Amino acid sequence: MSAGPKPSPHPARRSVLRGSLAASAALALPALGGAAAPALALSGRPRAEWGVQAGDVTAHSGLVWVRSDRPARMVVETSATESFRNPTRWQGPLLGPGTDFTGTTRLRGLPPGEQIHYRVRLADPDDPRRTGEPVTGTFRTTPVKRGEGVKFLWSGDIAGQGWGINPDLGGYRIYEEMRKLNPDFFLCSGDNIYADGPIQASVTLPDGRVWRNITTEEKAKVAETLAEFRGNFRYNLLDDNLRRFNAQVPSIVQWDDHEVKNNWYPGQILTDDRYTEKDVDVLAARSLRAFGEYFPVSTLRKGDKDGRVYRVLRQGPLLDVFVLDMRTYRNANSPGRQTDDPVGILGAEQLAWLKRELKRSRAVWKVIASDMPLGLVVGDGATNFEAVAQGDPGAPLGRELQLAELLRHIKHERITGTLWLTADVHYTSAQHYDPSRAAFKDFAPFWEFVSGPLAAGGFPAVKLDGTFGPEQSFIKAPTRANVSPMESPQYFGEVDIDGGSGELTVRLRQEGGGVLFTKVLQPGRVGQ
């Protein structure tokens with residue numbers, strides 16, 4: 001798949017972004033041959049063919065990511081303008097095989113509420129004068145005054161169920177659609193890759209049409225080695241739509257199960273014949289290392305022994321984003337009928353952190369970014385359950401006990417403006433939870449919004465569990481399993497917070513520009 005002609009200039013964001021950014025992001029497609037490990041002795045200058053990314057941006061800081069084709073020193077320059085007059089220079093890390101030639105540079109002391117233009121140069125470590133062509137990107141730091149609103153998108157589930165980058169369709173076109181909406185950031189709710197899902201060159205659809213995929217060596221089998229996990233994360237960056245998107249829209253990224261294996265939990269020993277490495281903990285450690293190498297995540301830095309995925313990103317006076325990790329600390333999947341469950345889906349330490357940080361938050365809105373839904377019954381085999389709900393509409397049991405504790409805390413501490421965003425189930429829906437309909441009564445009403453997939457198979461809707469009184473205000477889902485993106489639209493969500501009124505508007509969108517459902521929430525309420 002070639003990058004094709006250079007894209008048209010970026011539309012206005014909060015300030016006008018001109019065409020040089022888009023042209024820089026649309027680099028030539030990285031060569032598939034030799035993509036797994038850059039050669040250590042190459043002629044010419046270092047190249048950054050995989051684009052740039054920014055992530056975990058706050059009022060005064062942000063992370064910038066790049067990958068080189070050989071050993072190189074990462075150098076970042078920032079400026080208030082695209083002309084890069086009087087730039088500030090940041091010396092980044094030396095990129096080498098220990099991180100698969102990726103690197104992240106933290107930018108500090110940035111002005112709040114401003115458009116930051118950056119460019120990354122890769123320098124020959126033996127001759128700093130020999131630098132490759134710069135690659136540019138931009139992001140906006142979060143405001144410190146309430147008057148300016150915040151807009152972001154969320155979704156998840158990329159290259160799943162064998163549906164990869166289809167050159168006949170122009171690749172992941174949904175990223176170009178999202179880019180044109182000019183969000184302040186993108187929240188990826190997990191399943192950034194499908195490490196357990198090989199991608200074949202072609203798939204015949206039920207109607208006889210043929211879906212074609214770009215393929216790589218690392219996507220020919222399930223991921224087990226560190227190199228294979230790295231190759232899975234690298235696969236999506238072959239898409240020029242995604243690289244353009246990354247250059248313009250900073251990310252907040254979390255993970256879920258398919259970064260490792262479907263429905264995994266700590267301590268699991270696999271019986272899947274496709275795997276020679278049966279210890280899920282070994283696979284998870286390798287994936288987490290590659291995850292931290294390929295995404296700019298502030299709590300997963302090289303050499304950080306206490307690295308973790310869960311964190312809070314403060315996006316100004318209107319918004320805090322609480323990123324959860326429902327994988328790393330959970331108990332084993334089970335029928336979920338325990339009357340005592342101190343581990344649950346978050347683990348005791350993460351639950352205590354979340355309760356503490358929610359109470360500390362002074363933001364108008366507290367978005368809880370959950371990698372799994374709450375009241376949707378997600379099964380794991382014939383008798384076990386994968387998420388929180390287990391289908392019993394009565395009093396909380398199993399992992400529901402932990403959720404009940406958290407919801408009780410939110411109510412009793414009078415924490416206002418909470419809502420939950422997630423993906424995972426491969427359709428889009430909106431649920432309102434209310435104690436008047438629930439078996440468990442000691443909580444304030446709240447909303448949960450589901451979106452996705454971005455580039456994966458669509459699946460039928462699952463049942464609701466009545467324990468916390470969910471009522472589905474909207475749902476759009478296929479009627480059969482693993483419907484291809486050629487047959488069914490892909491989904492993403494939009495959140496728009498008004499700087500004046502503080503109103504929060506959620507829009508559930510589908511590929512092609514359509515708004516399927518809109519809900520406006522009022523600020524300052526414990527329940528909605």
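A pocket is an open set of grid points with protein on both sides within 12 Å along at least five of seven lines, and its lining residues have an atom within 4 Å of a point. In this predicted model, the second largest pocket is lined by 20 residues.

- Nearest its centre lie His258, Asn262, Asn263, Asp424 and His426.
- By class, eight residues of the lining of this pocket are nonpolar, six are polar and six are charged.

**Cavities**

- Rolling a probe the size of a water molecule over the atoms shows where empty space is left.
- The model has seven cavities of 30 Å³ or more.
- The largest cavity holds about 200 Å³ of space, and 17 residues line it.
- The residues nearest the centre of the largest cavity are Gln53, Asn192, Leu242, Asn246 and Phe295.
- Two or more residues of this lining come from each of strand E10 (185-188), H3, helix H4 (240-248) and E13.
- With three residues, H4 gives the most to the lining of the largest cavity.
- That lining has twelve nonpolar residues, five polar residues and no charged residues.
- The second largest cavity holds about 150 Å³ of space.
- It is lined by 13 residues, and the closest to its centre are Gly171, Tyr172, Trp211, Pro485 and Glu511.
- The lining of the second largest cavity divides into seven nonpolar, four polar and two charged residues.

**Helix H5**

- Helix H5 runs over residues 280-294, which makes 15 residues.
- From first C-alpha to last, H5 reaches 21 Å, close to the 21 Å expected at 1.5 Å a residue.
- At the start of H5, the backbone nitrogen of Asp281 has a side-chain oxygen of Asp279 within 2.9 Å.
- The buried residues of H5 are Val280, Leu283, Ala284, Ser287, Ala290, Phe291, Gly292, Glu293 and Tyr294.
- Among the elements that cover these buried residues are strands E1 (52-55), E2 (62-67), E5 (102-107) and E13 (251-253), together with helix H3 (226-236).

**Helix H7 and Leu407**

- Helix H7 has 13 residues and reaches 18 Å from its first C-alpha to its last, close to the 18 Å expected at 1.5 Å a residue.
- In H7, the buried residues are Glu400, Gln402, Leu403, Ala404, Leu406, Leu407, His409 and Ile410.
- The cover over the buried residues of H7 includes helix H6 (348-360), strand E19 (418-422) and strand E21 (446-450).
- Leu407 sits in H7, which spans residues 400-412.
- Leu407 counts as buried because its relative accessibility is 3%, and buried means under 20%.
- Not counting residues up to four places away in sequence, Leu407 touches Asp442, Phe443, Phe446 and Phe468.
- Leu407 and Ala227 are 180 residues apart along the chain, and their C-alpha atoms are separated by 41 Å.
- After H7 comes Arg414, which has a positive phi, near 55 degrees.

**Thr142**

- Thr142 lies in the loop between strand E8 (135-140) and strand E9 (150-155).
- Thr142 has 5% relative accessibility, so it counts as buried.
- Leaving aside neighbours within four places in sequence, Thr142 is in contact with Val57, Thr58, Ala59, Pro112, Gly113, Arg314, Gln315 and Gly316.

Conventions. Residues numbered from 1 in each chain as written. Predicted model: local features only at pLDDT ≥ 70, side-chain atom pairs only at ≥ 80, totals over all residues. Heavy atoms only, no water. Helix = DSSP H or I, 4+ residues; strand = E, 2+ residues; numbered from the N terminus. Expected span 1.5 Å × (residues − 1). Buried < 20%, exposed > 50% of the residue type's maximum accessible area, 1.4 Å probe, protein only. Contact = heavy atoms within 4.5 Å. Polar contact = N/O pair within 3.5 Å; in protein donor to acceptor, adjacent residues only side chain to side chain. 1 Å grid on protein atoms, 1.4 Å probe; cavity = no way out; pocket = protein on both sides within 12 Å on 5 of 7 lines; lining within 4 Å. Points joined across faces, edges and corners; volume = space filled by probe spheres on them. Nonpolar A, V, L, I, M, F, W, Y, C, P; charged D, E, K, R; others polar.
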